[in-house]
Amino acid sequence: MSISNNSFVAIFSLLLLSSMQCHAQLSSTFYDRTCPTALTTIRTSIRQAVSSERRMAASLIRLHFHDCFVQGCDASLLLDETPTIVSEKTALPNLGSVRGFSIIEDAKREIEKTCPGVVSCADILAVAARDASTLVGGPSWTVKLGRRDSITASHTLAETDLPGPFDPLSRLISGFANKGLTTRDMVALSGSHSIGQAQCFLFRDRIYSNGTDIDAGFASTRRRQCPQEDQNGNLAPLDLVTPNQLDNNYFKNLRQRKGLLQSDQVLLSGGSTDDIVTEYSNSPRAFASDFAAAMIKMGDISPLTGQNGIIRTVCGAIN
């Protein structure tokens, strides 16, 4: 059988493309040969950080989330301001609230001692989120690896693509759908608000609204630390019952009209997500399983792989 030159070129191109796509896929064994100690090194750093401050677990999960929602899971969020980079750190959803950068830098510094130039900051963020979850009683999952780091950031996308505390349900659903995540994924990921804290100015309107969607006693309790004026930065736990435990209490709170943020309570407001909230409130296992699966899917958002991007030496700067 003879094959024309054109056919041969076409077949070769298909094989090459297939090879590139396989190469570009993330894999849990990505560093097994090049840096076998990477995962244990990261875990040691995260364990130290969370044992020093339990709230840091929520902050590290949020870092990964806020990174992935802006031009993919590429550690763009970690880049500091320079003459040529407008940092995502100063975008409104991140300013004064996103934290834990030094923990990621510490883990990176330790890894660089044994495997210089091998492990990306984007992968460290993904592993740190998983480790943070397990350290506060949440689920574990197998983290896929092989992401590379961006050489750009997008302050503009950070302003538009991250969900906000006042978003209506329709906007939450569409915002997650734009990233390839289902409504169920969105509700499961919202369960990360089982840990962490929010600043007074983000829930003030809700606790002074006298609305039918908030428990009066809960609102009264929250007002003590959040006056109608001033003290914008006062913190309150997103889950009053088990504030340092990643569990399904967040969903039980919603059923009692005790969601702290408007974007929390809107998940149980007569809409399409009510049944999911009810299911998770009744089944810790269903929540844990779906949360882990959604975190894996989120970690798959537009990674840089293969020859794209770089491996940063320091997470806050381009080499």
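Helices (H or I, at least four residues) and strands (E, at least two) are DSSP runs, numbered from the N terminus. Met56, Leu60 and Leu63 in helix 3 meet Phe101, Ile103 and Ile104 in helix 4, with contact set at heavy atoms within 4.5 Å. The residues of this contact divide into 6 nonpolar, no polar and no charged.

Residues are numbered from 1 along each chain as its sequence is written. Local features need pLDDT of at least 70, and side-chain atom pairs count only at pLDDT 80 or more.

The protein chain has a mean pLDDT (the predictor's confidence in each residue, from 0 to 100) of 93, and 92% of its residues reach 70 or more. Over residues 7-23 pLDDT stays under 50. Where pLDDT is low, the predicted coordinates should not be read in detail.

An unreviewed UniProt entry places "domain: Plant heme peroxidase family profile" at residues 25-319. That stretch is 45% helix and 2% strand. UniProt also places a "binding site" at His193 (unreviewed entry). Such annotations may be inferred rather than shown by experiment. His193 sits in the loop between helix 8 (183-190) and strand 1 (197-199). Beyond four places in sequence, His193 contacts Leu238, Asp239, Tyr250, Leu261 and Asp264.

Note on methods: Side-chain values use heavy atoms; hydrogens and water are left out. Ala, Val, Leu, Ile, Met, Phe, Trp, Tyr, Cys and Pro count as nonpolar, Asp, Glu, Lys and Arg as charged, and the others, Gly among them, as polar.
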